[in-house]
Amino acid sequence: MSMTLLKTGALRSALRASAPTASKRAALTLTTTRGKATLPDLPYDYAALEPTINGKIMELHHSKHHQTYVTSYNTASDKMQEALHNGDVQTQIATLPLLNFHGGGHTNHSLFWENLAPKNQGGGEPPSGALAKSIDDHFGSLEKMKEKFNTALAGIQGSGWAWLVQDSQTGALQIKTYANQDPVVGQFHPVLGIDAWEHAYYLQYENRKAEYFKNIWEVINWKAADKRFT
Amino acid sequence: MAFTLPELPYSYDALEPHFDQETMEIHHSRHHQTYVNSLNAALEGSELSGLAVDEVITKLDQVPAEKRTAVRNHGGGHSNHSFFWKNLKIGTTLSGDLKAAIEKDFGSFETFQQQFEKAATTVFGSGWAWLVKKDAALKIVTTHNQDSPLMGEAVAGTSGFPIIGLDVWEHAYYLKYRNKRPDYIKAYWEVVNWDEASRRYKQSS
């Protein structure tokens, strides 16, 4: 009976959510080598987003924080595979939060680097085409969407992310916040995300997070968001 | 009667080199101040604003629903940080009844330290690690965001009277320790105020 339970339900969707996905839209494919998650290269130098986000933050954020999520996800993944192999349900369940946290951290940051760009690579240039129209339809204008997004960011207590997401069933756009490293899964898929963890801005902005939220739009890569929108 | 930012019992550089001056200054004068300001705003006109903050956070069910989250977050922040500043001092030694109780409930001080470090390291995101007195025993618990064990099980997922506590929000350590939270946690042992902890332990009996 326990093996039947494992074939359905929370365990599989949790594993599916944190595993690399192949999908018809230009969704994220997490970088792997021989089945292990790896840290993706940044498409730009650490200092390329200055003065909006300084090079020291980018270096720590990518080479330390994101790397730790990758390493810890691999450890949790190994633990889960062993527990599945042994039919050890208690360990499987105990490992789920680790997969969610570290797999979520790996997913979120991989998406984040893609949806940032230096100004000379299109950072800050407004969206076009279908996504731009959908933003106008749902929020009234790009500026109104940004205001709502920044309000959501400011409202996050502790650590988390705000995302522009698309409802996979209706195609509608929405702004949602997620705690800690909870990934965008299930009914919604991610279009654009902004990291509101203190490590994302503290060395430069200290506690002035509203300033970080206002400035980061200068380096948002709308081209990446366009590709995620269906 | 508004809540106010308590003064630190020491200067911003008093905990150097373990807790750096810049962090202490920003942590106290900006982060904690913001919790105080926001709590006053959330409780404006409420009778709860006449109570001590440690009491307010045990009475969240009496706060109107639309204000409850704000009072939980900012009241928790004000309570936790007021406790934290007193919980820090260089050069104290664990002794007496508290030492005996830690050895009794954890086997040894080293075991207690290891367990506390593990708890503090593995908090996902923002939160606190605590040594609390609960049902006549000492326990290590953690809380999320600005929750306090004083808020009780239903709100904070845990309960107990705090004896020592460590802020593991990134703002508490990032300027000096960057992503290396374990190094910050190790440094905590150099600044934890065992005199205050012993006083609180006696108070809780």
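Me: How many residue pairs are in polar contact across the interface of chain A and chain B?
Reply: The model is predicted, and the count takes in pairs with both residues at pLDDT 80 or more. A pair of N or O atoms has to lie within 3.5 Å to qualify. Across the interface of chain A and chain B, the number of such residue pairs is 10.

Me: Which helix of chain A gives the most residues to the side that touches chain B?
Reply: Three helices of chain A each supply at least two residues of that side: H3 (55-85), H4 (89-114) and H7 (202-205). The top contribution is four residues, and the helix that makes it is H3(A).

Me: By class, how many residues on the side of chain A that touches chain B are charged?
Reply: In all, 19 residues of chain A are in contact with 17 residues of chain B. On the chain A side, nonpolar residues number seven and polar residues number seven. The charged residues there number five.

Me: Which three residues supply more of the area that chain A buries against chain B than any other three?
Reply: The two chains bury about 1900 Å² between them, with 55% of it on carbon and sulfur atoms. Of the area that chain A buries against chain B, 31% comes from A:Gln157, A:Glu198 and A:Tyr202.

Me: Which side chains meet in a salt bridge across the interface of chain A and chain B?
Reply: A search of the whole structure finds 14 salt bridges over all chains, and the rule finds one across this interface.

Me: Why are A:Asp137 and A:Lys133 separated by about one helical turn?
Reply: These two residues form a salt bridge, with the closest N and O atoms 3.0 Å apart. Both belong to helix H5 (residues 129-139) of chain A. They are about one helical turn apart because their spacing in that helix is four residues.

Me: Which residues lie nearest the centre of the largest pocket?
Reply: The largest pocket holds about 590 Å³ of space. Its lining has 23 residues, which divide into nine nonpolar, 10 polar and four charged. Nearest the centre are A:Thr68, A:Ser72, A:Phe101, A:His102 and B:Thr121.

Me: How many residues does H3(A) give to the lining of the largest pocket?
Reply: At least two lining residues each come from H3 and H4 of chain A and from helix H8 (181-191) of chain B. H3(A) gives the most, and its number of residues is eight.

Me: Which element provides the largest share of the lining of the largest cavity?
Reply: The structure holds one cavity of 30 Å³ or more, and the volume of the largest cavity is about 70 Å³. Its lining includes B:Phe19, B:Met24, B:Phe84 and B:Tyr184. Helix H1 (21-42) and helix H7 (174-177) of chain B are the elements that give two or more residues. The largest share, three residues, comes from H1(B).

Me: How many residues in the lining of the largest cavity are nonpolar?
Reply: Among the lining residues are B:Asp20, B:Lys176 and B:Tyr177. By class, two are polar and two are charged. The nonpolar ones number seven.

Me: What is omega for the cis peptide bond that joins B:Glu16 and B:Pro17?
Reply: B:Pro17 sits in the segment before H1 of chain B. In chain A, a cis peptide bond joins A:Glu50 and A:Pro51, with omega about 0°; A:Pro51 is in the loop between strand S2 (36-37) and H3 of that chain. For the bond between B:Glu16 and B:Pro17, omega is about -5°.

Me: Where in chain B is B:Asp135 placed?
Reply: B:Asp135 has a positive phi, near 50°, and is a residue other than glycine. Its place is in the loop between strand S1 (127-134) and strand S2 (137-144).

Conventions: Residues numbered from 1 in each chain as written. Chains lettered and ligands numbered in written order. Heavy atoms only, no water. Contact = heavy atoms within 4.5 Å. Buried area = accessible area lost by both parts, 1.4 Å probe. Salt bridge = Lys/Arg side-chain N within 4 Å of Asp/Glu carboxyl O. Polar contact = N/O pair within 3.5 Å; in protein donor to acceptor, adjacent residues only side chain to side chain. Nonpolar A, V, L, I, M, F, W, Y, C, P; charged D, E, K, R; others polar. 1 Å grid on protein atoms, 1.4 Å probe; cavity = no way out; pocket = protein on both sides within 12 Å on 5 of 7 lines; lining within 4 Å. Points joined across faces, edges and corners; volume = space filled by probe spheres on them.
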